[in-house]
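Please look over the sequence and the model shown here before reading on. The paragraphs after it go through selected contacts one by one.

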Amino acid sequence: MAVDGKQQVVPKKTFIVELLKKLELGLVPYDEIKKLIRIELQRRLQWGYKSTHEEQIDQVMKLAHSLRHTNIATEVDTLDSQMYEVPIDFLKIMNGSTLKGSCCYFQHDSTTLDEAEIAMLDLYCERAQIKDGHSVLDLGCGQGALTLYVAQKYKNSRVTAVTNSVSQKEYIEEESRRRNLSNVEVLLADITTHKMADTYDRILVVGLFEHMKNYELLLRKISEWIAKDGLLFVEHICHKTFAYHYEPLDEDDWFTEYVFPAGTMIIPSASFFLYFQDDVSVVNHWTLSGKHFSRTNEEWLKRLDANVEVIKPMFVTLTGSEEEAMKLINYWRGFCLSGMVMFGYNKGEEWMASHVLFKKSY
Ligand SMILES: C[S@@+](CC[C@H](N)C(=O)[O-])C[C@H]1O[C@@H](n2cnc3c(N)ncnc32)[C@H](O)[C@@H]1O
């Protein structure tokens, strides 16, 4: 694997090409896929855990230092076209009612996906200490679950959402009109190049940092948008101890690029952003068991599987053929299975969600 995050083009071995083909065609039973994913995760843990704490910290610091020499993000267009220009009607089936595209909070075994979406949105509001009347910026807003929730809950607040996805912007604007919310504005912008003169009392960032690279520059940029006495709340997925570019371990690794396109992701460690306090400083830090994101993915998969006959024609229209539509369905199945197994590994005590609250450093 390239330590510096530069992509290496490694020809795939025959067995990987064959496995990926079978997965694409839906020929591998779920139990078998889960078993194969666990093998790769086991290898990742063996790679990531070092035998001494000295080496462990050294690994994290090497990555943290190397990222200071990169662009804020790379492969932005690849990521957007493959992952975030998804038909809204499909997401309405797979996600819960707020269309939250990230970890939900299952407080009890009986908690439903819809309840878990709201519970997590409430947790963000509480941890970010949002008050009615605050100006709020939601960076990387997805389908606007948090933007719309905050705008509805805090009627005197103005919420600005930023996404680089045209379909997400259109959906949030349509939904704001439908709900008579006049306090929402959606900006279509690439956060890596976007410039803004305004400042905000609260900045919320859920699930975006993993797609970025130069956190020093990113946090410098975001810090300029934090109003006086304002706060920045970030949720990111992580491994609890080690951090890495989400790139294949070696030529036998079929899993790492199974879902996310090459070069588009970093898995930070839980405390990774504590090493980027040049322009912001940490006020609070929490982690949340991986069980919550595992269960989120499990619920998405159940909905997908229960509605294949409805989804198929949608995907035929999108891709132009039944064969391609089934491949896309199988891709999303793989997406959910990967999240289920990865975040569920070792009872949610390896990969998990991290919440960090920052204030601006002066
Ligand atoms: C994992 S999703 C999370 C969405 C949303 N925050 C949620 O929790 O449902 C990541 C979001 O970041 C957005 N994104 C990724 N790269 C971006 C960039 N360079 N500029 C703006 N938005 C970006 C994607 O379009 C998507 O909306």
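The model is a predicted one, in which local features need pLDDT of at least 70 and side-chain atom pairs count only at pLDDT 80 or more, whereas totals for chains, interfaces and linings use all residues. Residues are numbered from 1 along each chain as its sequence is written, and side-chain values use heavy atoms, with hydrogens and water left out.

Helices here are DSSP runs of H or I with at least four residues, numbered from the N terminus, and their axes are lines fitted to C-alpha atoms over the stretch in contact, with angles from 0 to 180 degrees between N-to-C directions. Helix H6, residues 113–127, and helix H7, residues 145–153, have axes that come within 10 Å and cross at roughly 70 degrees. H6 is therefore roughly perpendicular to H7, a term that covers angles of 65 to 115 degrees. In contact, meaning heavy atoms within 4.5 Å, Ile118, Leu121, Asp122, Tyr124 and Cys125 of H6 meet Ala145, Leu146, Tyr149, Val150 and Lys153 of H7. The residues of this contact of H6 with H7 comprise eight nonpolar, no polar and two charged.

Helix H1, residues 14–24, packs against helix H13, residues 322–344, at an angle of about 105 degrees, and their axes are 8 Å apart. This angle makes H1 roughly perpendicular to H13. Here Lys21, Leu23 and Glu24 of H1 meet Met326, Lys327 and Asn330 of H13, and the residues of the contact divide into two nonpolar, one polar and three charged.

Turning to the ligand, 20 residues lie around it, of which Gly101, Ser102, Gly140, Asp190 and Val206 come nearest; a residue is counted as near if one of its heavy atoms lies within 4 Å. A polar side-chain atom of Asp190 is 2.9 Å from a nitrogen atom of the ligand, and a backbone N or O atom of Ile191 likewise lies 2.9 Å from a nitrogen atom of the ligand. For Gly142, a backbone N or O atom is found 3.0 Å from an oxygen atom of the ligand.

Terms used:
Helices (H or I, at least four residues) and strands (E, at least two) are DSSP runs, numbered from the N terminus. Angles under 35 degrees count as roughly parallel, over 145 as roughly antiparallel, 65 to 115 as roughly perpendicular and the rest as oblique. Ala, Val, Leu, Ile, Met, Phe, Trp, Tyr, Cys and Pro count as nonpolar, Asp, Glu, Lys and Arg as charged, and the others, Gly among them, as polar. A polar contact is a pair of N or O atoms within 3.5 Å; within protein, one must be able to donate a hydrogen and the other to accept it, and residues adjacent in sequence count only if both atoms are side-chain atoms.
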